[in-house]
Amino acid sequence: MDWPAWILAAAVRRMPDERGAWGAAMQAELAYIRQPLKRWQFVSGCVRVALFPPDPQGSRMNAWLKHWLSVFGPAAVLALVFAAPAAVEHGWDQPIRLGNLTVGILTGGWLIFAVIFTLIVYRRPTSEPQRMREGLMVFGAAALFGVLAVGPFAFMEVYNNPRIRSGEFAFPYGLFHGMWLFPTMLFLAATPIVRAVRAEESVLAHPISLALRIALLTLLAAGWLFMLWDQMPCFLGGVPGCD
Amino acid sequence: VLRSLAEDPTGWRHGYDLCQQTGLKAGTLYPILIRLADRNWLETTWETGISAGRPPRHLYRLTATGLEQAREAGVVKARSSKAGRLRLRPRMGES
């Protein structure tokens with residue numbers, strides 16, 4: 001029995017109708033491969049494609065997401081950087097109340113940068129935004145990842161601390177700004193490794209760079225975990241007078 | 001993949017041939033081909049005139065849009081791809 005052909009046929013039967021031609025294409029291609037090892041290698045890849053074929057809606061969704069990430073993500077990052085001096089001026093150890101100068105600068109900066117990035121993306125020649133968007137998209141995705149990683153703890157901080165909700169204590173913006181930096185930088189540092197793995201390139205091609213990157217990732221992950229461990233009692237609301 | 005397809009834009013290529021040329025595995029190559037076809041960068045057809053007992057292969061080549069995009073992405077050299085091919089003898093008029 002021709003097991004590779006049988007397995008591929010079984011996987012192809014699960015493909016949606018609009019991708020049926022591609023299933024038949026992979027089956028036809030297999031018929032021309034003679035060496036058993038290469039047949040198995042070819043089938044292993046094709047089965048993955050047959051079981052998880054690219055979704056036309058998904059690709060449009062990705063394009064849409066990439067576009068907006070490339071515009072608003074970097075804007076958010078730069079606005080945070082823009083707001084940092086104001087936060088430092090105010091004092092990192094002093095919580096910042098909603099409606100004060102830093103929050104105003106943060107929001108205003110974000111809007112200004114969003115407009116600037118939108119104009120840059122649309123006004124550059126056709127070939128440039130492709131490369132630029134890729135870079136900006138990673139930047140934006142890192143910022144979003146940072147927000148998602150910090151968001152639940154910010155929610156816990158507010159939810160478990162009635163004094164913040166009542167306005168007696170202010171939200172510790174400085175702490176969360178710092179906490180946001182760790183996962184964002186972690187994402188940016190890990191991106192080249194993930195890209196190399198996805199492109200099926202050898203991650204060991206540049207061993208020194210890889211070692212340094214892993215050291216940085218370890219440092220960032222350790223810093224992030226330490227900060228969480230240190231602040232977790234405050235997020236859970238069980239410690240009065242958190243610092 | 002774009003570079004491989006753009007090397008001979010008029011010629012039809014099949015999947016395993018592209019796997020070997022690009023060094024990509026089928027699990028990587030076919031999603032790329034599918035997405036290129038979705039965007040009308042890739043033209044597909046089925047092989048004709050094949051010997052009995054074997055199924056016709058699916059063939060691929062870049063559309064005009066795909067070739068234009070490949071040029072914009074910088075994967076197509078300014079000169080014709082034939083200029084880069086190894087020739088055993090110089091052309092007439094070349095020293």
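Select B:R13 and B:D17: their side chains meet in a salt bridge, 2.8 Å from N to O. The term covers a side-chain nitrogen of Lys or Arg within 4 Å of a carboxyl oxygen of Asp or Glu. This is a predicted model, in which local features need pLDDT of at least 70 and side-chain atom pairs count only at pLDDT 80 or more, while totals for chains, interfaces and linings use all residues. Residues are numbered from 1 along each chain as its sequence is written, chains are lettered from A and ligands numbered from 1 in the order in which they are written, and side-chain values use heavy atoms, with hydrogens and water left out.

Stay on this pair and colour by accessibility. B:R13 counts as buried at 10% relative accessibility, whereas B:D17 is partly exposed at 24%. Here buried means under 20% relative accessible area, exposed means over 50%, and partly exposed lies in between (1.4 Å probe, protein chains only). B:D17 sits in helix α2 of chain B; helices (H or I, at least four residues) and strands (E, at least two) are DSSP runs numbered from the N terminus.

Next, select B:R61 and B:E43. Their side chains form a salt bridge with an N to O distance of 3.1 Å. B:R61 lies in strand β3 of chain B and B:E43 in strand β2 of chain B, so the pair ties together parts that are 18 residues apart in sequence. Both residues are partly exposed, B:R61 at 22% and B:E43 at 30%.

Now turn to where the chains meet, starting with A:E29 and B:R57. These two form a salt bridge, the closest N and O atoms being 3.1 Å apart. Between chain B and chain A the count is two salt bridges. Six residue pairs are in polar contact across this interface, with both residues at pLDDT 80 or more. A polar contact is a pair of N or O atoms within 3.5 Å; within protein, one must be able to donate a hydrogen and the other to accept it, and residues adjacent in sequence count only if both atoms are side-chain atoms.

About 2,400 Å² is buried between the two chains, 61% of it on carbon and sulfur atoms. That buried area is the accessible area (1.4 Å probe) that two parts lose on being put together, summed over both.

Among contacts in chain A between residues at least 6 apart in sequence, 70% join residues at least 24 apart.

For a last stop, select A:R39 and A:D2, whose side chains meet in a salt bridge at 2.6 Å, N to O. A:R39 lies in helix α3 (residues 36-51) of chain A and A:D2 in the segment before α1 (3-12), so this pair ties together parts that are 37 residues apart in sequence. A:R39 is buried at 9% relative accessible area, while A:D2 is partly exposed at 37%.

Notes. Contact means heavy atoms within 4.5 Å.
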